[in-house]
Amino acid sequence: MKKIAFFKKIWVMLLFLGGSFFSFSQSTDFMSHVQFGGEIGAQFGSNFTEVTLAPSAIYNFNQYVSAGVGLRGGYLKEKNYYDAWIYGGSLLALFNPIREIQLSVELEQLRYNFSYDAPISYDDNFWNTGLYLGAGYNSGNVVIGIRYNVLFDSDKFNSEPWFPFIRVYF
């Protein structure tokens with residue numbers, strides 16, 4: 001039931017943000033500068049599953065500078081070890097010094113809810129802040145690149161601070 005309530009909250013927030021954009025656009029040309037997009041991802045492997053939904057919206061101030069907000073929700077499971085729900089939001093700034101290059105700064109605040117099964121069962125719930133510096137190749141509406149979490153804590157996560165990304169905006 002907690003999982004269903006979580007997704008209902010995400011949809012309510014998305015509807016609120018979308019309604020706010022559309023109501024503001026009635027009096028200005030605000031919406032002509034807004035792009036929607038984000039990330040949808042899934043990984044499946046031997047005893048491993050990861051599903052991510054991360055919608056976002058950016059406002060293009062000009063051809064060089066954009067800023068926006070995003071939401072992120074995800075589910076991770078490693079069979080007989082753990083499962084986790086991850087959710088939160090982010091602020092994003094983009095800079096395009098030339099059309100083909102996009103630099104980014106993203107501040108992300110995520111809540112992690114882990115349930116471990118082995119070797120003993122316990123729960124671990126915490127907030128984590130990430131500050132990502134990124135660079136990518138811009139081919140129009142699609143940017144492919146890599147970002148680095150300068151606040152990465154190797155004591156909390158058994159992974160790397162480097163993350164490849166694909167951004168799509170319409």
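**The salt bridges and their setting**

Guide: Glu39 is partly exposed, with a relative accessible area of 31%; buried denotes under 20% relative accessible area, exposed over 50%, and partly exposed the range in between (1.4 Å probe, protein chains only). This is a predicted model, in which local features need pLDDT of at least 70, side-chain atom pairs count only at pLDDT 80 or more, and totals for chains, interfaces and linings use all residues. Residues are numbered from 1 along each chain as its sequence is written, and side-chain values use heavy atoms, with hydrogens and water left out.

Glu39 forms a salt bridge with Arg72, their closest N and O atoms lying 3.1 Å apart. The term salt bridge requires a side-chain nitrogen of Lys or Arg within 4 Å of a carboxyl oxygen of Asp or Glu. Because Glu39 belongs to strand β1 (residues 34–45) and Arg72 to strand β3 (residues 65–78), this pair ties together parts that are 33 residues apart in sequence. Strands are DSSP runs (E, at least two residues), numbered from the N terminus. Arg72 counts as buried, at 17% relative accessibility.

A salt bridge also joins the side chains of Arg72 and Glu108, with an N to O distance of 3.1 Å. Here too distant parts of the chain are linked, since Glu108 lies in strand β5 and Arg72 in strand β3, 36 residues apart. Glu108 is buried, with a relative accessibility of 5%.

A search of the whole structure finds three salt bridges. The one still to be described pairs Glu106 with Arg147, the closest N and O atoms being 2.6 Å apart. Glu106 lies in strand β5 and Arg147 in strand β7 (residues 142–149), so parts 41 residues apart in sequence are tied together. Both Glu106 and Arg147 are buried.

Leaving aside neighbours within four places in sequence, Phe114 is in contact (heavy atoms within 4.5 Å) with several residues, including Tyr82, Ala84 and Phe126.

Conventions: Helices (H or I, at least four residues) and strands (E, at least two) are DSSP runs, numbered from the N terminus.
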